[in-house]
Amino acid sequence: GAELIPAIIHEFLPLLTPGLPVPKVLIVSNPGAAYLARCIWIPGENNTTLKVQKSVIGDETTLRRIIAHELCHHDEFLSRLAPMPKNQRDLLTRVEGGHGAYFKKLADKFNARFGPDFVSEKSDSAMVEDDGRTYLVLLRKKPATGQIAWAWALKPSQRQREYINGVLHEGRV
C-alpha cells in the first residue's frame, strides 16, 4: 500500500491551491497512537510532512481518505497560515481548531468529487486498520468490585508472562 501514496498525492494535488509542493511522507508504526495520520508543519518551513500509520496502508480506500484529509491540512498550513504573523496564526488556530472553515471548504471539494464524507473531521467506522501484528489481551475481573481490568502487549516481558501464567493457573481470567 505504501507504494500507492505518491500516486494518490499527485491525483489529489489538483484539488488544492495551485503550486503547493508535494509533502514529504513518513510511514510510522505507533501502536495505540491517537492518530491514523498527521500533517506536520513547522512554521517557517515551506513544506509539510505526512506521518501515516503503517496500520492503514493495507486498505486503499482508507489510505485515500486519510491522505485527502491530511492534504487539506497541508494546503491550509502552507496557503493560509504560513503567510500570517505568528500571533494571528496562533489565535486563529485556537479559535478554529484544526478543522475550521478553510479545512471544510477543501474537504467539500473532495466530497463533491469522491462522495459524501470522503473527507471527514475524524476517523470513522469505515476506516480499516491492520498492522499485521498479534496483540495479546488479558481481561481480568477484579474480585472486590467485579470490574473488568485489561492490559495488552505485543511482546510480553518475562515478568509479564509469569504474571499471565499465574493468573491463568489461578483461573482469574
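Student: Which helices each supply at least two residues to the lining of the second largest pocket?
Tutor: α2 and α3, the latter spanning 86–96. Bear in mind that this is a predicted model.

Student: What volume does the second largest pocket have?
Tutor: About 240 Å³. Its lining has 15 residues, and the closest to the centre are Phe 77, Leu 81, Thr 93, Gly 97 and Gly 98.

Student: And how does that lining split by class?
Tutor: Evenly: five nonpolar, five polar and five charged residues.

Student: OK, the largest pocket. How much space lies in it?
Tutor: About 430 Å³. There are 20 lining residues, with Tyr 35, Leu 36, Ala 37, His 69 and Glu 70 the closest to the centre.

Student: Which elements give two or more residues to that lining?
Tutor: Strand β2, residues 37–40, and helix α2. The largest share is from α2, with five residues.

Student: What are the classes in the lining of the largest pocket?
Tutor: 10 nonpolar, five polar and five charged.

Student: α2 keeps coming up. How do the axes of α2 and α4 cross?
Tutor: At roughly 145°, and the axes come within 9 Å. Here α2 is residues 60–81 and α4 is residues 101–114.

Student: Why quote both an angle and a distance?
Tutor: Because two packed helices are described by the angle between their axes and the distance between the axes.

Student: Left-handed or right-handed?
Tutor: The crossing of α2 and α4 is right-handed.

Student: Which residues in α2 and α4 meet?
Tutor: From α2, Arg 64, Ala 68, His 69, Cys 72, His 73, Asp 75, Glu 76, Ser 79 and Arg 80. From α4, Tyr 102, Phe 103, Leu 106, Ala 107, Phe 110 and Phe 114. By class, the residues of this contact are eight nonpolar, three polar and four charged. His 69 takes part in the contact with α4, and His 69 is also among the residues closest to the centre of the largest pocket.

Student: Switching to strands. In what sense do β4 and β5 pair?
Tutor: Antiparallel, over six bridges. β4 covers residues 136–141 and β5 covers residues 148–153.

Student: Which residue in β5 does Leu 136 stand opposite?
Tutor: Ala 153.

Student: How many residues lie between the two strands of the β4 and β5 hairpin?
Tutor: Six. Gly 146 sits in that turn and has a positive phi of about 80°.

Definitions and conventions:
Residues numbered from 1 in each chain as written. Predicted model: local features only at pLDDT ≥ 70, side-chain atom pairs only at ≥ 80, totals over all residues. Heavy atoms only, no water. Axes fitted to C-alpha atoms, helices over the stretch in contact; angles between N-to-C directions. Helix = DSSP H or I, 4+ residues; strand = E, 2+ residues; numbered from the N terminus. Left-handed = near helix turned anticlockwise from the far one by under 90°. Contact = heavy atoms within 4.5 Å. Nonpolar A, V, L, I, M, F, W, Y, C, P; charged D, E, K, R; others polar. 1 Å grid on protein atoms, 1.4 Å probe; cavity = no way out; pocket = protein on both sides within 12 Å on 5 of 7 lines; lining within 4 Å. Points joined across faces, edges and corners; volume = space filled by probe spheres on them. Pairing = 2+ DSSP bridges.
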